[in-house]
Amino acid sequence: MADVDSEVPPLPPRYRFRDLVLGDQTFQNDDRVQVEFYVNENTFKERLKLFFIKNQRSSLRIRLFNFALKILTCVLYIVRVSLDDPKGSCVKYHNCSVLNTTEPQQIKWELIFSVNRREPVWAIQVTVALISFLETMLITYLSYKGNIWEQIFQISFILEMINTVPFIITIFWAPLRNIFVPVFLNCWLAKGALENMINDFHRAIQRTHSAMFNQVFILICTLLCLVFTGACGIQHLERAGKNLSLFDSFYFCIVTFSTVGYGDVTPQIWPSQLLVVILICVALVVLPLQFEELAYLWMESQKLGGNYSRHRAQTEKHVVLCVSSLKIDLLMDFLNEFYAHPRLQDYYVVILCPTEIDIQVRRILQIPLWSQRVIYLQGSALKDQDLMRAKMDDAEACFILSSRNEVDRTAADHQTILRAWAAKDFAPNCPLYVQILKPENKFHVKFADHVVCEEEFKYAMLALNCVCPATSTLVTLLVHTSRGQEGQMSPEQWQRTYGRCSGNEVYHIRLCDSKFFGEYDGKSFTYASFHAHKKYGVCLIGVKREENKSILLNPGPRHIMAATDTCYYINITKEENSAFIFKQEEKHNKGLPVTGLYDAPSRLPVHSIIASMGTVAIDLQHPDPPEESGKLTLPTENGAGSRRPSIAPVLEIADSSAILPCDLLSDQSEDENNQSDEEGSVGSDFVKGYPPNSPYIGSSPTLCHLLPQKAPFCCLRLDKGCTHNSFEDAKAYGFKNKLIIVSAETAGNGLYNFIVPLRAYYRPRKELNPIVLLLDYPPDNHFLEAICCFPMVYFMAGTIDNLDNLLQCGIIYADNLVVVDKESTMSAEEDYMADAKTIVNVQTMFRLFPSLSIITELTHPSNMRFMQFRAKDCYSLALSKLEKIERDKGSNLAFMFRLPFAAGRVFSISMLDTLLYQSFVKDYMIAIARLLLGLDTTPGSGYLCVMKITEEDLWIRTYGRLFQKFCSSSAEIPIGIYRTESHMFSTSESQVSINVDQGVEHRERGGSWKEKTAHRNSTTSDQSEHPLLRKKSMQWARRLSRKSAKPTSRAERISQQRLNLYQRSERQELSELVKNRMKHLGLPTVGYDEMNDHQNTLSYVLINPLPDTMLELNDIVYIIRSDPLAHMPEDSQVGQARSTKNQQDFGTQSKDETHL
């Protein structure tokens, strides 16, 4: 039994684990105590304080009640004054005589201290005073913090006592019921209650009002209180004087405070005059302080930009532009491109920038054109308050741009990423348009609706410039909004043609809604493209199926058009803004006979394109072709032509036998037939596959020419031998093709996009150019790992301002030199000086190696006028004047007539900012640009390439017939022409006049059509025959020279001859310098030709020229070739996939260039 009593009862299950951790402890349920916790002290005083002061909603009600009481007291005072009779009051209570107005100095003090207060008014005033007194004492008790005197000597407490205690005393002492109490002073208490009430109201609804509103409100209340106090005080004091009414006193105060001072109403006794003096002194002290605070807040609000109205955000449409720093060029590019679209004219642009507005930007925003539509807000996109000010949640779009002028571009991208995240977090439904600089940061903002990576586009465009001349100019003109009116007043024919064609842009329309393409439902894509161009002058370049989200550029003749397809075409304006006038109807109306298409004097299907305010009128001839249109004669020298086979018609439905094979992977001619001739060459062992290592996340996989095995890193160094080879310069490698040299500061990941387009699988293997990367700093192993799989890609440490480095990397064997803008030079104390070093270095290379094609990237587009600068070139001066004229007309492409830009030898990435802006209206523009540049490879989509017009191709004659030839033979779509013309750039007026005479004399001699064309367009390097000016160019130069022409004296001729000798000696001196350095480095000097240059030619791009545009010798035609992989038979794909199991080789064959 004792054992049972001594037995310890088992612990409850919930305590057993705790006992194991803390030891053997027993806890009984009755030992536990429940404790309640309160946020505030559970006392009566704290509860009252919570209700009257701390709680936002209850304190708001208390303040509203207090404000109503104070207003009621002021109203009761006005009622008492209106019922008051000074004469009756004097007789009843003091038995005084009526005031004699002829004795103004006699003051009846009884009328000042005593008033006639009726019983009902007294009762109400006493009740209100009692309530106010109790409330004041309670609030004073609750807010007491240990210092009673601080509470007593507050202005509000003193005023409350003055206005309430006398009324309470009259309850117990009846003779004092008519004593005067300055109840009108309660207006100041009402002012304070109103301010506190508004603050509590904004706290209760969790919104903040601007300090500007608060200050304006305080100023207005102060003015009202001063006027009301002065009117009531003067009226009461004048009871003992002139006995003014309350309205007369109010009138006097308004006139006095406004500094007008009519003098018709004035105080007559000294107490009232003293009150006026006091009021004026108070006003002179209080009001300037209030106005100063208001002015300060106004200036600060001007810097911050205020708020974008919520009402306006709900009724009007707006977009938000977030930038780190706003430059004038960036702002104007955005505004000009954004408002170039007619449907965006009513949009507002809200700029959110953390820096203070620049003076130049402020001046621009004050222009009436922008002041009503552009709002600048100083704030950060990372603050919800600033995003709320910009009404981001109601915006139609948000553009987030990076600061490319930052030295640390990675840090600039990090800021952009955070802004994009903040905008997406605050407004998830707002479309984001993000510009990023580095490709490795692109995947952080892949959630954005549209993303443009600057380095991706830049390097891909510069790479295509080397194989497709002036690709940068072509793309820049396509993504700029223009009416095609630039240069139309110029006397130069090439400027008018070039300016008109620059107005072409990319548009889209559904096939079933289109008049351009609606009739080609069920026809092949190639058939639709050719006939739409022939009939309407539009160039159909791509299509998108309704069920597929991918855009296909030139899907080929096997693509059958459907009614639901979206068509993408190039034209001066979109179809919706076009009016169609058929020539047959026009001739019927005029009573003229109806003729066939080729019977008209002009063979132009699109006779006139008139762009005006976004509307184009297109006059069309009879669409039915004549029966004999299939035969074309080839002109001969003697004029007696002989028949040649006509151009084959474009079939409605694809016929495999009628289309030339375009499969680059099944053509054996390039690799097998030429292997015996080039045995042992570098390119005989290339394979095709996808690059195994991508330097960053998000790069689009592209099928490329690759090495069977990765090259060792030591073999990638051009200027140093290794154990695998002993070559130390470009000459030793014995390259078959010309080099492409890229000068960059560092080997960034974007440089990978320069290599991929030049090694794409559709580039013929025998035409691959060796690539040499001339880097200021050696690349890291991560970058070398990415490029070691590509054939003929080398790097070398050096700079372009070092002649030895240029010679070692093989500049005399190079066809193109690409100079990339360096990050370290993008920022300068003077913004436009950021390109100074690049421009001077390129100018030096231009003088040392005049035959070299140099493609330069600049930070600022305005600096391209300094490229290949000639100080005394009259033609360049005329182009400068033309640029100023176009800029004054408001053109977005004022720089387009600069010869380096027109020729595609200079480029600025800021010109591609419009690509992001245009995507707001054309959401397909980024996708089309990426396909054109080879950044994306969509299965079934074509690619951009070029073909050169030779003498054998001139029988085609016109661009329209060339379009038919491409579509019928190889299913390729031409989109433009790169034209080069001979031109004389004169350095003196006498030289201009001499060359003009020679040119006109030569043109008057005449000759066969072929001889004229060949001579006019010849760009050979033989400099023994002096190139002549075209007739229009000569006339323009002659007019320029005649403006200030003077008789040429013998002294001037001698001076000109000396100048020519000086220039020749300078050229020889430069040549000797280069040769001496080559000898010092042990390089042969055979390849250096100092006289072979292209300084006497001009080149320009014609986008979608008219069908009757005559072809000229050496024209380079831009074509979109269909994807060769899209039409491969399935069995061939399977067989090739089996043979490339270990090498990722998709075939080792490619297709020769198509020659006409």
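1. Arg409, Lys438, Glu454 and Glu455 belong to one network of salt bridges. A salt bridge here is a side-chain nitrogen of Lys or Arg within 4 Å of a carboxyl oxygen of Asp or Glu. The whole structure holds 19 salt bridges by this search.

2. Some notes on the model itself. This is a predicted model, in which local features need pLDDT of at least 70 and side-chain atom pairs count only at pLDDT 80 or more, while totals for chains, interfaces and linings use all residues. Residues are numbered from 1 along each chain as its sequence is written, and side-chain values use heavy atoms, with hydrogens and water left out.

3. The chain contains 40 helices and 27 strands. Helices (H or I, at least four residues) and strands (E, at least two) are DSSP runs, numbered from the N terminus.

4. Glu505 and Lys922 form a salt bridge, with 2.9 Å from N to O. Glu505 is in strand β7 (residues 505-510) and Lys922 is in the loop between α33 (913-918) and α34 (925-933), so this pair ties together parts 417 residues apart in sequence. Both Glu505 and Lys922 are buried. Buried means under 20% relative accessible area, exposed means over 50%, and partly exposed lies in between (1.4 Å probe, protein chains only).

5. Lys710 and Glu785 form another salt bridge, and their closest N and O atoms are 2.9 Å apart. This pair links distant parts of the chain, 75 residues apart: Glu785 sits in helix α28 (residues 781-787), and Lys710 in the loop between β17 (704-706) and α26 (730-733). Glu785 is partly exposed, at 29% relative accessibility. Lys710 is also partly exposed, with a relative accessible area of 41%.

6. Arg979 meets Glu1112 in a salt bridge of 3.7 Å, N to O. Arg979 belongs to strand β25 (residues 973-982), whereas Glu1112 lies in the loop between β26 (1097-1103) and β27 (1116-1121); the two are 133 residues apart and link distant parts of the chain. Arg979 is buried at 6% relative accessibility, and Glu1112 is buried at 7%.

7. What share of the contacts between residues at least 6 apart in sequence join residues at least 24 apart? The share is 76%. A contact means heavy atoms within 4.5 Å.

8. Of the 1156 residues in the chain, 51% are buried. The chain exposes about 55,700 Å², and carbon and sulfur atoms supply 55% of that area. Accessible areas come from the Shrake-Rupley method with a 1.4 Å probe; for residues, only the protein chains shown count as cover.
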